[in-house]
Amino acid sequence: MLTKYATTALVGSMLFASVALAETPTTSDRAAAAAPASEASLHGDWRTSKVVGLSVYDNANENVASINDLLIDKSGNVKAAVLSVGGVLGVGARLVALPFDQVKFVDEPVPSTTASSAPASADRPGSTATTGSASTTTGSTSTSSSMTASKPNPWYPDHAVINATKDQLQAMPEFKFTTE
């Protein structure tokens, strides 16, 4: 009688083991799913945490907005950029969404007009000189702007450019994050 129970227990254990083995992924499946990407394969890709917050300029190099968020589809493709327009330090700003293909990213800093005879604009970044012109400034006194221009950051662009003015952006329908 003991052999009858032992045989039944052994057959039952084999049935449970075969079900468990059929559901367990193989070692090669787990290795393929967890394979990390190398830094070399990601070189040239941008960090979204750095793209959000970038200044957005119009074609006249005037600061018109900043990137508030990026909207992606379920496959991970970026579909739209949500821009923050107007306001002071985020207060009073409104959000508008533009298709992502209408936003162009630039690695080089916005050109400064301090080297020309045109007046400098307060909205343009990168100007470190307070007086003088490019003809009187030597390369050693403007090291911070030459370092910025010489080596762009490979993990994010310097700024974005769109084909719309601040007034045109403010006239667009407001974008709201809804839960519907």
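## The second largest pocket

On a 1 Å grid over the protein atoms alone, a pocket is an open set of points where a 1.4 Å probe fits, with protein on both sides within 12 Å along at least five of seven lines; a volume is the space filled by probe spheres set on the points. The second largest pocket holds about 160 Å³ of space. The model is predicted, with pLDDT of at least 70 needed for local features and 80 or more for side-chain atom pairs, while totals for chains, interfaces and linings use all residues. Residues are numbered from 1 along each chain as its sequence is written, and side-chain values use heavy atoms, without hydrogens and water.

The lining residues (those with an atom within 4 Å of a point) are W46, R47, T48, V51, L70, I72, G76, V78, F100 and F105. By class, seven are nonpolar, two polar and one charged, where Gly counts as polar. Both α4 (48-51) and β2 supply at least two lining residues each, helices (H or I, at least four residues) and strands (E, at least two) being DSSP runs numbered from the N terminus.

## The sheet

Six strands form an open sheet with mixed pairing, in the order β4-β3-β2-β1-β6-β5, where pairing requires at least two DSSP bridges between two strands. At its edges, β4 (94-99) and β5 (104-106) each pair on one side only.

Strand β1 pairs with β6 (residues 159-161) in the parallel sense over two bridges, and Y57 stands opposite V161 in β6.

## The loop residue N61

In the loop between β1 (55-57) and β2 (63-72) lies N61, which has a positive phi of about 60° although it is not a glycine. N61 counts as partly exposed because its relative accessibility is 23%, between the limits for buried (under 20%) and exposed (over 50%), with a 1.4 Å probe and protein chains only.
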